Amino acid sequence: MASSKSHLPDCGLYLTTKALPGHEDKVPAGILVSFHNHSDNGLPTITTPDHNVHNRWHFHGPAVAFRGTTWADSLQRLPAEGFYTLRKELTFDGGNWPKGTLVQLGYTQAGMPILFIARVRSRLQENDLFFSDKGVGIKRDQLALLEPVSVFEEPNDGSGHQPDHADAH
């Protein structure tokens, strides 16, 4: 979705559909990226995933700034990683999850969506929900099944392992 100020997409997670000219090795077609339409030097930037913690990518690598803003039009916007409920039943090879199931959305480095189901583990004394690191891959057109939910996140603990919240600004 283009911003009225700059004609650039909004900040967030995207799938590249074309390699970034001049940076084809670092930003090829078909990868997940964090896009920012602002930077200290005023240019848009792309950052590739560095590592994954709790099913969420962290984008700590050096950002690649670029001038050819028409390339940004080739980016395909992806829903934010995070927590959702299912709008209707999801059937997949090996099982199904009913409407209303709480899931966490994550992605492969190639931008393919993965859902992780919320579980209450009965053997633990804590009152925590658990999301495994093993999920169920879905097709991009199935992302419409997801309804975002708000989940309180504790403030940054200084560990440096906060995901890139590109949608927050």
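In this predicted model, the side chain of threonine 16 reaches the backbone oxygen of proline 28 at a distance of 2.7 Å. Threonine 16 lies in the loop that runs between strand S1 (12–15) and S2. With a relative accessibility of 2%, threonine 16 counts as buried, because the cut-off for that class is under 20% relative accessible area. When residues up to four places away in sequence are left out, threonine 16 touches Val27, Pro28, Ala29, Gly30, Ile31, Val33, Trp71 and Leu75.

Strands of a sheet pair through backbone hydrogen bonds, in either a parallel or an antiparallel manner. Within the sheet, strand S2 (residues 32–36) pairs with strand S3 (residues 45–47) over 3 bridges, in the antiparallel sense. Histidine 36 has threonine 45, in S3, as its bridge partner.

Valine 120 is located in strand S12, which covers residues 113–120. The relative accessible area of valine 120 is 65%, and the residue is therefore classed as exposed, the cut-off for that class being over 50%. Apart from neighbours within four places in sequence, valine 120 is in contact with Asp128 and Leu129. The C-alpha atom of valine 120 is separated by 6.2 Å from that of phenylalanine 130, a residue 10 places away along the chain.

For the protein as a whole, 15 strands and 0 helices are assigned. The protein has 169 residues, of which 39% count as buried; threonine 16 is buried, whereas valine 120 is exposed. Among contacts between residues at least 6 apart in sequence, 53% join residues at least 24 apart. The accessible surface of the protein amounts to about 10200 Å², and carbon and sulfur atoms account for 51% of this surface.

Notes
Residues are numbered from 1 along each chain as its sequence is written. This is a predicted model: local features need pLDDT of at least 70, side-chain atom pairs count only at pLDDT 80 or more; totals for chains, interfaces and linings use all residues. Side-chain values use heavy atoms; hydrogens and water are left out. Two strands pair if DSSP finds at least two bridges between them. Helices (H or I, at least four residues) and strands (E, at least two) are DSSP runs, numbered from the N terminus. Buried means under 20% relative accessible area, exposed over 50%, partly exposed in between (1.4 Å probe, protein chains only). Contact means heavy atoms within 4.5 Å. Accessible areas come from the Shrake-Rupley method with a 1.4 Å probe; for residues, only the protein chains shown count as cover. A polar contact is a pair of N or O atoms within 3.5 Å; within protein, one must be able to donate a hydrogen and the other to accept it, and residues adjacent in sequence count only if both atoms are side-chain atoms.
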